[in-house]
Amino acid sequence: MTTSQEENFMRKISAEEKIEPKDWMPDAYRKNLIRQISQHAHSEVIGMQPEGNWLTRAPSLRRKAILLSKIQDEAGHGLYLYSACETLGISRSEMIEQLQSGAAKYSSIFNYPTLTWADVGAIGWLVDGAAIVNQVSLQRTSYGPYSRGMIRICKEESFHQRQGYEAMLALAKGSEGQKAMAQDALDRFYWPALMMFGPHDSESAHSQKSMEWKIKRETNDDLRQKFVDQTVKQIEVLGLEHPDKNITWNDERGHYDSSDLNWDEFWSVINGNGHCNRQRIEHHLAAHEEGEWVRDAITAYNEKKRAKKAQHAA
Amino acid sequence: MSDQIKQAIQEYATRLGDDSVVLGHRISEWVSYGPFLEEDIAYGNVSLDYIGRARMFYTYAAELADDGRDEDDFAYMRNDREYRNLLLMELPKGDFAYSQVRQLFADVYYTLMLPELLQSKDETLSAIAAKAIKETKYHLRRSRDWVLRLGDGTEESHKRTQKALDQLWGYTHELFDMDETEQLLADAGIGVDVSRLRDSWLKMVSDILTEATLTVPEDSWAVRGGRVGYHTENLGHMLTEMQIVHRSHPGCKW
């Protein structure tokens, strides 16, 4: 590393120029990005499980079609995030190994079980809603391929959030049983959705450097506050009770004050001890292992085709 | 349109809707269980096409029935004995080879059947066929490619694919059966005479299987009954799962 390379890199960062795959970048920047982008990709992939849990039980054909299409989008996001990450010099199979070994994380929200149909609505509304708040900010991230991926992903995510909210609205305005289902889903998913923004800024290991390099553009707590603020009105429109009994408007701050989160639970789930951590990885591993003979078949088939072609050419 | 014909079309649209929803449901069971991410996406995509078809067929059946029912009443409020899908569609997803062989059988079938349905004197059926043809073209490209790769891949993939063929072959004869209702519609230029499609189907499937180094099974057995509600044991379980939420909240909107 020469000083001029690093200076040039920092100059680009301050000038809001994007860093591209072939540009020089500090190793730590690269490592930090790989961690964040692959974690994001894994989240999209693991996220197929809790939603897929309701594909075969969706209560109407229209909802089934919407859910199929949403899950398909998420898997697609996983694909282009893996591709964006590959531009940093890591292969998809390495990333998948890291996911399966536990070396790489995915969003903890997917370690909570989806127990009723309303959870599908709650995930679209709250989980995708929280993700959007974060991703809108990441559209301005300093790494070019990641930034462009985010712009594309944000468009689809806002459709996901709308469909989730609309599904919740149908329940909240429906029968007593449906309304109870909606309230229960809100009560269970509200807190974990807030935790999606990560620990308090003071506790966040990667935050400071990520902000300096403009990988992250806003702090965890600021983003979380945005989400808290926007959700109050949405809950009101649904006619449901706010899960946080301490939520109060603070005129001075221009924001809502709210209860602190259960950080013990947060760290416990991050550290692998949530409701579904083991199940999610086990599921991913099982599908991956069962698919091995299929992947082997493609390799063998392509080999044979190549050999035949070579024979013809000779 | 005579009452008899109208009733026959309603029954026909219901049958085709049943075929679509049942196969679409089976395919959706693969999402997050595929051998790699691209396949999860492809399965979701194909499933979505079939659910879309089911909605169009059921909506038409409901319109003809004109008794206040909608597409979801057809999908969610009928029991397995009332379902009229072909047995092939309801069999469990099995392993990847099993699902791809079933898909190949269905895709070749629709490749032949849909252009005929496009010619239907019934505008709605013809319009549904027009949309479905485009999807099926893509589906067949995928299932054909997979059967080629699996058949001519490794020893294990070959063995699994041949086994799937042997297990599924006896369910394909039913695809070409006609009963009075379907004959009435075929004679009226509304429905497809599927009995005339069997030779072309066999030729297309055999060509692909041969290229895949697989053996075309003998016609030594055939199981039938889907069109009269005489199903395999699998459909009841599938519908139990599919209908549970809808039926637990009677009369609700979603």
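These legends walk through a few views of a predicted model.

Local features need pLDDT of at least 70 and side-chain atom pairs count only at pLDDT 80 or more, while totals for chains, interfaces and linings use all residues. Residues are numbered from 1 along each chain as its sequence is written, chains are lettered from A in the order in which they are written, and side-chain values use heavy atoms, leaving out hydrogens and water.

**View 1. The fold of chain A.** Chain A has 13 helices and two strands (DSSP runs: H or I of at least four residues for helices, E of at least two for strands). Its C-alpha trace spans about 75 × 50 × 35 Å along the principal axes.

View 2. Of its 314 residues, 55% count as buried, meaning under 20% relative accessible area with a 1.4 Å probe, protein chains only. The accessible surface of chain A comes to about 14,100 Å² (Shrake-Rupley method, 1.4 Å probe), and 52% of that belongs to carbon and sulfur atoms.

**View 3. Charges on chain A.** Look for 39 positive and 44 negative side chains; Lys and Arg count as positive, Asp and Glu as negative, with His and the chain ends not counted. The centres of the two sets lie 7 Å apart, placing each charge at NZ of Lys, CZ of Arg, CG of Asp or CD of Glu.

**View 4. Close-up on Q162(B).** This residue sits in helix α7 of chain B, which covers residues 155–168. Q162(B) is buried, at a relative accessible area of 14%. Leaving aside residues up to four places away in sequence, Q162(B) touches L214(B) and T215(B), where contact means heavy atoms within 4.5 Å.

Terms used. Buried < 20%, exposed > 50% of the residue type's maximum accessible area, 1.4 Å probe, protein only.
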